[in-house]
Amino acid sequence: MQGLKRTHYCGDVEGIGNEVVVGGYVQKVRDLGNLIFIDLRDRTGIVQLAFDDSTDREIFEKASDCHSEYVLMAKGVVRERESKNTAIKTGNIEIDVKDLRVLAKAQTPPFEIVDDTNVNEELRLKYRYLDLRRKVLQDNLIMRSKIAKVARDYYYENGFIEIETPMMIKSTPEGARDYLVPSRVHHGKFYALPQSPQMYKQLLMIAGFDRYIQLARCFRDEDLRADRQPEFTQIDLEMSFVDVEDILEMNEGFIQRLFKEVLDVDVELPLPRLTYKDAMERYGSDKPDTRFGMEICDISELVKNCGFGVFTSAIENGGSVRAIVAKDAAKSLTRKEIDKLTEYVKGIGAKGLAFVRWVDDEPTCAFAKFLGEGELDAILNKVGAQKGDVVLIVADKNKVTLPVLGALRLKVAKQLDIIPEGFNFLWITEFPFFEYDEDTDSWLAMHHPFTMPMDECIQYLDTDPGKVTAKAYDLVLNGTELSSGSIRITDYELQQKMFQALGLSDEEIEAKFGFLVEAYKYGAAPHGGMGIGLDRLAMIMTGNDSLRDVTAFPKVQNASELMSGAPNVVDEEQLQELSISIIPEKKEN
């Protein structure tokens, strides 16, 4: 740089007549013969460098040799631009360059560094360091950084202490597969990368820190999708001497402040709430998007005696018949489109899809011949259907009917483009404590086994596990689960009772949770907490659909990272040190 020191970022240059020094990447060169214009780009924006007849010839020739993505520093005087550009912040000015340094030359990149790119994502991920030069991705990561800053500021101001917990821990059951780290020193033993800091933050409460916060890295070896990465960050917290209301109120304050400071969006408090039971009954999901209606309606009573065996058999087997109504959708949801929806619901567990499509004066009903007089009118009245609407109906056990209609509701809403913009927050509370596993004929914990049951439900632990609800809560934003948390069990005897209800033996308890169970014997204040998904929060706040857009170096569907080639083979010597041998994959015949 030979004595040049940057005085301004490109997007912040201002003040006609000021002498400035800027540095950045060449976005574009326009060589008009006796005039050269270079758009110089950094993370704040673009500024135009101007070279003309008054420019020193050596500098002018240096400018003429510049190409896309060269790294430059330029010194000059700010002047008014003749041809204004309203698309950029510095569009009214330019820099009359007096000194130019080429700090690095660049090969022609494999794709143009522009925001509106249609380049294959796989290629962009291979050259992620180039992809990250695009303003749209830089803005996403800058917003992510702002979210992290507001989180730290808010929780610090509310008495939280930031404490780092270990990255290499004992493998404990938390719902997903662990990533394992072999130990060279302890032959045949493994560390696990944490799925969350759950155990340690509870131990910090036992240790008396009272309020803990951490931007924690977490790891889960599970199948990937748009809103899931194998490694992710959560705003992790725990509080002592609290109950559910205290935790919800504290975190609502964070959400309100975050959206105001980062997006200048006012979030009205308190946030709405639904119990798990109501959410499933009305929306078929424990993370419903309530920005639109199309709620599920139970029509079992109306059809339990009709002649349609699909309906009656579902009810006789303890299930139900439920419907959603797509308003004013009869022209869009043609018979061909309904056939596609039928295949969709079959693919997610339903046996089929019944429908009523009301285009003309008389509705078309797929099962009309099985209905008695007035039964169709009763169904239409019950679900609130009118001319122009389509009624979609699923009959099965509730564990099929509700989630299938919940998924169908979202699919149809997206297809009809009826989901409004905006931010729709919702607390889901009173989750079931247990879920029944038909394969093993046993009750399993829906949460980690340290979750506190609702006080009035403790009496049912031994006699009727299906009635037990938990002091657990999720925060949902636009149909995406942002956060999950609970009040923890701190009573040693109740904890033992909970383990027994889950069918764990003393040996299993000791092997999996011994150190935490032991800690509770020495006294623990009532406590609870939650973890807010920083990645998902950033994804929604930036208006994206994929975590890849807010993650600097993301993994793809098969959990590989295309740029560096991770995961990859290691030297045989390293494997021998760990006493590990690779078993060749069996080839399928």
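This is a predicted model: local features need pLDDT of at least 70, side-chain atom pairs count only at pLDDT 80 or more; totals for chains, interfaces and linings use all residues.

Q: OK, is E157 buried or exposed?
A: E157 counts as exposed, at 56% relative accessibility.

Q: And what does E157 form a salt bridge with?
A: With R257, the closest N and O atoms being 2.6 Å apart. A salt bridge here is a side-chain nitrogen of Lys or Arg within 4 Å of a carboxyl oxygen of Asp or Glu. The pair links distant parts of the chain, R257 in helix α6 (residues 244-263) and E157 in helix α4 (residues 135-157), 100 residues apart. Helices (H or I, at least four residues) and strands (E, at least two) are DSSP runs, numbered from the N terminus. R257 counts as partly exposed because its relative accessibility is 21%.

Q: How many salt bridges does the structure hold?
A: It holds 43 salt bridges. Another one joins K555 and E231, with the closest N and O atoms 2.4 Å apart. K555 lies in the loop between α15 (534-541) and α16 (572-577) and E231 in strand β10 (residues 231-240), so this pair ties together parts that are 324 residues apart in sequence. K555 is buried at 13% relative accessible area, whereas E231 counts as partly exposed at 24%.

Q: Which residues are linked in a network of salt bridges?
A: D52, R79, E94, D96 and K98.

Q: What about R335 and D339, how many residues apart are they in helix α10?
A: They are 4 residues apart there, so about one helical turn separates them. Their side chains meet in a salt bridge at 3.4 Å, N to O. D339 is partly exposed, with a relative accessible area of 38%.

Q: Switching to sheets. In what order do the strands of the barrel close?
A: The 5 strands go β1-β2-β3-β5-β4, with mixed pairing. Two strands pair if DSSP finds at least two bridges between them. β1 (residues 19-31) and β2 (residues 36-42) pair in the antiparallel sense over 6 bridges, and V26 has L40 in β2 as its bridge partner.

Q: Which strands are at the edges of the open sheet?
A: That sheet has 8 strands in the order β6-β9-β10-β22-β21-β20-β17-β11, again with mixed pairing. β6 (161-162) and β11 (273-275) are the edge strands, and each pairs on one side only. Further in, β17 (residues 425-429) and β20 (residues 472-477) pair in the antiparallel sense over 5 bridges, with L475 in β20 as the bridge partner of W427.

Q: Last one, helix α12: what covers its buried residues?
A: The cover includes α7 (276-283), β13 (320-326), α10 (335-347) and β16 (390-396), where contact means heavy atoms within 4.5 Å. Among the buried residues of α12 are V400, L405, R409 and A413. After α12 comes D417, whose phi is positive, near 55 degrees.

Conventions:
Residues are numbered from 1 along each chain as its sequence is written. Side-chain values use heavy atoms; hydrogens and water are left out. Buried means under 20% relative accessible area, exposed over 50%, partly exposed in between (1.4 Å probe, protein chains only).
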